[in-house]
2 protein chains.
Amino acid sequence: MYEAFWREVGDRAATVIRGWQAMSYFSDPDALCWFLEPEFEREVRRLHRVVGNAVVDGYHLVVGTGATQLYQAAMYALSSPARGDKPVPVVSPAPYYSSYPPQTDLQLSGFYRWAGDASTFAGGECIELVCSPNNPDGAVRESVMSSAAGAKPIHDLVYYWPQYTPITGRAAHDIMLFTVSKITGHAGTRLGWALVKDREVAKKMVYFVDRSTIGVSKDSQLRATKILSVVSDAYEAPPAGDGGAAVPRLFDFARRRMEERWRTLRATVAASGAFSLPEEIAGYCDFNKQTVAACPAFAWLRCEKEGVEDCAEFLAGHKIVARGGKQFGGDARCVRINMLDRDQVFDMLVQRLSAIN
Amino acid sequence: MYEAFWREVGDRAATVIRGWQAMSYFSDPDALCWFLEPEFEREVRRLHRVVGNAVVDGYHLVVGTGATQLYQAAMYALSSPARGDKPVPVVSPAPYYSSYPPQTDLQLSGFYRWAGDASTFAGGECIELVCSPNNPDGAVRESVMSSAAGAKPIHDLVYYWPQYTPITGRAAHDIMLFTVSKITGHAGTRLGWALVKDREVAKKMVYFVDRSTIGVSKDSQLRATKILSVVSDAYEAPPAGDGGAAVPRLFDFARRRMEERWRTLRATVAASGAFSLPEEIAGYCDFNKQTVAACPAFAWLRCEKEGVEDCAEFLAGHKIVARGGKQFGGDARCVRINMLDRDQVFDMLVQRLSAIN
């Protein structure tokens, strides 16, 4: 979906890396996160200030190979040193991101272990993954476990950007995860960051990234620096009339596209009668300076047809591939529809959905 | 050390990445390693053919965020599915790379667990890390554990390149690890690869890299493609006289530098009388087409002074920072000296060493 935008931006978003640049493991040997490129850090902090979606002052920035590595680093940081043979339970309310269970238990870690749906968890010490807006259903979430009882939240805010949801304030949680992929579409760059309040937690996360991959690709950081700077420039550039060509604005572009797609999908679903979607929510967006509808990156589509118990299976019969609700610890009558795919794929989906009644 | 080389190469080694390039998670959705850029794979296979240090035909190529991630992926692949509560022991003969123990036990994995020096291991099922030439002492190694008894080797061949050691044949082990960092000096690119004989093992390694970082930076792969192509071009380019400027040759450059440094270090050590080094080994190099000396990336320096039990501590007193032998499971009278540092750092080291007697 974002490719068209970057083609429009053109050469201004190109990155050039000379043969002798960025050869070292180190970006700044004296920094807490010694493999974090200072220019990248500057652009990340700038972007959060431009958008107003997270507090950055007083936070440590830890870079990772995507949010995926960082959430493992965060779980490690919150659960180490290990206490005997009792890994800390990791929970999230269903429906939760389907990759949480296999990623959490990839190594059968002695530090932490997936414990499933937070709503069926007995309570006590745990790590709670709070994804907001939530993957798969787009819900705006807050931590549901009790910190007094020993729950420690990790806030997965990778979709908390103005194209997906109203920006209702600057988030200021203990650990907040973001990724370039969901902001600009550059998934292949494999670059995320964590804003971390506590210095010791940040240090443990840095240790984890050091030991698991000895830091993070400098090439990705150089490229993301350029990409993010183009995004911020468009909102901070001098007003038109100074002779320079207008820079395309990413969040405006993406919001327009998301609104179109959601309008199309809602109309299709309403016409078919066989499905339902979560109700549209709207709110005042501090960034857009107006009330806007939430346009989640995924649609949590529920099949309302009698006799259909497994929506993914039912849709597969109509040549629609979608991840079934059970994989998210949720209702099998639901599926997750990707709203960020290429135009061609999205158009095909709508066409096939509209043929079902 | 390699920076000077890449400055000499100049713009031919520059990588340009447009804003809309390489945005997807996928490089080739149908490939076994779906996040491996086909051009990068081509350059890797080409380089091994040019150098003749490893068999590539019939091998699967798995890309990773440095050899570090790949050796974890390989341990995972060789030990999964987990058998009850018995992680597979991981061993390596001392002195072994000091990062093996903390990297292996980073997660206190239920699949595998560090079990120390292979020479004190009781035997039976295990994973053996075979580093050759060995970090820290440069020794040429072969697997020492019995495969009949259930030992499975992982060959860490990141230093098996002609600047460090005579290329005595094309290696053809089950799992062989390499990294851009030790070939061209681009450590910041965080890019390695594994040549894997068995398809099922390769698939499990791909699964591991998918779950831990959802693949590998495309930017790093694009850049490494360019870098490796420049290296191979210099050895396969049409002979001079065709009008084009000669392309600098990486392995020649690096071998010259390594030989100089080793000559300097050996002379310094011989003059001081306080230290010793492993004996120089030489052999016929199929790549250089002549007998050459081994020039390991590290020098395993032993203090011969009476009363000095801890060489690292002793050297620290002379303002020389070196990792002590105990961290490698070896003799505290030894330290590991980095032979790949910048000229200034290496010159300072030699100067300070020569002042000790």
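**View 1. Chain B meets chain A.** In this predicted model, 58 residues of chain B are in contact with 58 residues of chain A; contact means heavy atoms within 4.5 Å. About 4,900 Å² is buried between chain B and chain A. Buried area is the accessible area (1.4 Å probe) that two parts lose on being put together, summed over both. Carbon and sulfur atoms give 55% of the area between the chains. B:Trp20, B:Met23 and B:Gln107 supply 16% of what chain B buries against chain A, more than any other three residues.

**View 2. Two copies, one rotation.** Two copies of a chain are related by a rotation about an axis and a shift along it. Here, a rotation of 180° with 0.0 Å of shift along its axis superposes chain B on chain A, with an RMSD of 0.0 Å.

**View 3. Helices α2 and α7 of chain A.** Helices (H or I, at least four residues) are DSSP runs, numbered from the N terminus. The axes of α2(A) (residues 38–51) and α7(A) (residues 218–236) come within 9 Å and cross at roughly 30°. Axes are lines fitted to C-alpha atoms, for helices over the stretch in contact, and angles run from 0 to 180 degrees between N-to-C directions. The two helices are thus roughly parallel, a label for angles under 35 degrees. Their crossing is left-handed: the near helix is turned anticlockwise from the far one by less than a right angle. Contact residues include A:Phe40 and A:Leu47 of α2(A) and A:Leu228 and A:Tyr235 of α7(A).

**View 4. Helices α3 and α6 of chain B.** α3(B) (residues 66–79) and α6(B) (residues 199–213) pack at an angle of about 125°, with axes 8 Å apart. The crossing is right-handed, with the near helix turned clockwise. Among the residues that meet are B:Leu70 and B:Tyr76 in α3(B) and B:Met205 and B:Phe208 in α6(B).

**Notes.** Residues are numbered from 1 along each chain as its sequence is written, and chains are lettered from A in the order in which they are written. Local features need pLDDT of at least 70, side-chain atom pairs count only at pLDDT 80 or more, and totals for chains, interfaces and linings use all residues, while side-chain values use heavy atoms, without hydrogens and water.

Definitions and conventions:
Angles under 35 degrees count as roughly parallel, over 145 as roughly antiparallel, 65 to 115 as roughly perpendicular and the rest as oblique. Copies are superposed by least squares on the C-alpha atoms of residues with pLDDT of at least 70 in both.
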